[in-house]
Amino acid sequence: MEQQHLPDIAQDIHRVLHKRGKDYLTIRQISASLSQRVRQQLSLTTRHSTADMLKKLTPWLGESLQVYHGPTSIYIGQKRSPAEFILQKVQQHPRISPKQLGLGLPLSKRNYITALNDLLGTGTVVCTFKDNHMPMLHLSSHAPVQGTAQASTEDDRLAFHTAYNAVGHGRSFVRIHRLRDALPWPRERFDGVLRALLADYTVELHGGDPSVMTEEELHHSFTDADGTLYIALSWRGHR
Amino acid sequence: MDDTRLDLFRRHNPFTSSSVGDPWEATYPDVPSINEQVFRGLWQLIEQKTRNPALNCAGLILGEVGSGKTHLLGRILTQSKQMRSPCAFAYIQPLEDPEQTYRYLLREVMVNLFHPMAASPQATQFRRLVTKVFLEGSPDRQTLARLRITPSTFAAIQQRVMRLLRAAYPAISGYFVHVLLQYAVLERRTAAMQWLTGSVLDDADAALLQVPDRTPLSTASLEEEARDILTSLGFLLTRYQQPLVVCFDRLENLETDEHIHALGKMVEFLVDKAQAMLPVVCFRGMQWEEKFRYKLNQHVSSRLETNKFELRGCTPAQALAIVRNRLAAVPGNEQTEPLFPFDQEELLKTFHLGLYSPRRVITLANQRLRQLLDEEPLPPVSPLQKLQEAFANQYQAIMRDFERYQPDRGRLRRALELYVRYGPPQCVPAENGQEKYIDVATTVHLAGTTAVPVIFLIDVEPHHAAVGACLARGIAFLEEEPCGRAVYIRDARCPFPPPPAWEATNKKLQLFKGYGGRVVFLDSEQAARWYALALLSYAVREQDITVAGPNNTPRPITFEEFTAVIKQDISTQKTQAFQEIEAALATMEL
């Protein structure tokens, strides 16, 4: 019986992350924003300690979410590698100092330094210095642009597939609006990745019965260039 | 572009329909490479079942709207026809009455076995089976060409067949074998077919076949007998290595848990109890994964998922092949360019954008062809027009093959409910209105009166006692509710002989009329319209009927649009049956 609640809780956390536009949030932030129904299911109140909240939430995270132990807080967020977090942040904040970068990530100091050193070693991230000797990080200018784009595309495809598996729980027909909820991306980015996956026949779109769906669910489905509505998709892999 | 060359496609656009509807009537060319693996998997299952009839297995086909589920079933039928040892095939639409689960299964299986396989109405799957039985029972196992049946050889064959089969299969029903042999005798064939489909025969037919009267049997006993007949049929199919593929389609129409549970019972029976029968169940992928697999007994859903096949969209080359094959099938098309009037490069550009379902491919081809044929786009077809067309097509299909649409109380009830609820009566059937003889109970509000109770009794029973009991229920209602209305509806194919036959039943009919009850006998034309309405509702729920939506892209017709059409059009074509019903509801002010 309880097993049936699992997707609801994971989905609710995805909804919170999506709403806040974040890949991860602290346990307290997550807990405070969960729907009342989920809080009731877990008997969660604001009086609970972070450790208690963590204990209650952890079993329901599924495959797409993960607990992260940061330097000062504990987080729940989309399942990502440390390198993915670093690359994303550096891309968003070029010239960020290693210290600032580390403080903003849900990674322990040790994990963070190890992942950053790896990225510096491969040249994906480079470190230069300001006039005051302060170090600053940015994505490699020597790395070919295409290579960076490729890495980003590959990351997106991986994230899409991870979300497909997590949301679908082994199903072959996964609703697109649920994938959108699970991937906190702007609409254009989601549609762009989906189109790319369609173009090389990695995924197949399906129609369905729109009459049983809400307006919001329909809006978060996918409409192609000529206006055909698709509700679900199947991962077919490369042909 | 050469306009005269285009005229052919103006007269015969091969892309106007993208729905197969019924595998027995499959008229569209096949592209074998589409879902080839799925087909191969299913065929291997059939071959395994042929080699080992006791193998407990089933097939599950998942595909969204327009993915080709019904077409794939048609491919099984076509392939089977081309084999030296074909399998038997049955196509079954959703059942309506869960109380008659096994009788419904038996009737639909038999109706399919009685369906003509070729131009000759005599060439049926059942006849093929009966022939094998006779050949085995004939002296020295004669060949078909030399087999001569006379009254004396018939008796000898009967004796021998009974002995052989009972020795091989002690559980086989003696009456089943007995009636099966009677099928060969022309004057007993109709009665034999009725008995084999589970009907309650009238006294004369029961005497003709020398079988016990089914009238006193309870519902449970009738269900049990249906199971016995199916099991016995399974023994024969085993003996002659002809597995029966039982295909369940349009299952989105299973509305209640009872209906879903009834499907589960049928599948379980076919997998575990009946030999040589392979259930193949088609569902829309999402509905299966989100709803039906949880509603079915896990024993059933796990059996189905063991051999699960997912239909896939077309590659660009397959999409082109669909277009090419449909063009080639246009009568009189002798173009040397197989894709004329399309430009191959242009089509490929379209089909390269993703894995399109076969229906989407046909729709896109249709849109492009229309552009090529007309400078101005055709005016969009309204849901009303489209449903009128679909209704007319369904009606004609039923009229062409009326034997396949046996009197069916459940389907008639569905049509009646649609008409009563959405047609001019605009009555809401009572949730718990159904009982043994009452199909729909409702109330009407007449001007100046309080609510008046109304019941509809649908009857397809051939035996006078069952008919009498149904009428007695109507009479009892009218006695209890002097202001109430009762309508007795009967498919006229189920005879109601005038006096002096059925003396007591005819008296009850007169009494029923005397109390103000209305009687509606549906002639073949009217019955076909009712069955067409019920089947059309399945097609609408299946989202098989589409119209052009925004940007000229196809969208399924909604159930609300369908009900609007019932109100505006179908039920306002005042057939005699509807007139009678409306008269019963409106003019009986007492």
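Buried denotes a relative accessible area under 20%, exposed one over 50%, and partly exposed the range in between, with a 1.4 Å probe and protein chains only. Helices (H or I, at least four residues) and strands (E, at least two) are DSSP runs numbered from the N terminus. The model is predicted, so that local features need pLDDT of at least 70 and side-chain atom pairs count only at pLDDT 80 or more, whereas totals for chains, interfaces and linings use all residues. Residues are numbered from 1 along each chain as its sequence is written, chains are lettered from A and ligands numbered from 1 in the order in which they are written, and side-chain values use heavy atoms, with hydrogens and water left out.

**View 1. Strand β2 of chain B is mostly covered.**
Five of the five residues in β2(B), residues 88-92, are buried. In a regular strand the side chains alternate between the two faces of the sheet. On one side of β2(B) lie B:A88, B:A90 and B:I92, and on the other B:F89 and B:Y91, all of them buried. The strand pairs in the parallel sense with β3(B), residues 244-248, over five bridges; pairing requires that DSSP find at least two bridges between two strands. B:A88 has B:L244 as its bridge partner in β3(B).

**View 2. B:R490 is a buried residue of strand β8 in chain B.**
Strand β8 spans residues 485-491. B:R490 counts as buried because its relative accessibility is 0%. Its side chain reaches the backbone oxygen of B:P495 at 2.9 Å. Neighbours within four places in sequence left aside, the residues in contact with B:R490 include B:D459, B:E461, B:F496, B:W502 and B:F521; contact means heavy atoms within 4.5 Å.

**View 3. Chain B and chain A meet at an interface with four salt bridges.**
The contact takes 28 residues from chain B and 24 residues from chain A. Between them the two chains bury about 2,200 Å², 45% of it on carbon and sulfur atoms; buried area is the accessible area (1.4 Å probe) that two parts lose on being put together, summed over both. A salt bridge places a side-chain nitrogen of Lys or Arg within 4 Å of a carboxyl oxygen of Asp or Glu. One joins A:D224 to B:R360, with the closest N and O atoms 3.8 Å apart. On the side of chain B that touches chain A, the elements giving two or more residues are α12 (285-295), β5 (308-310) and α16 (358-373) of chain B. Of these, α12(B) gives the most, with five residues.

Notes:
A polar contact is a pair of N or O atoms within 3.5 Å; within protein, one must be able to donate a hydrogen and the other to accept it, and residues adjacent in sequence count only if both atoms are side-chain atoms.
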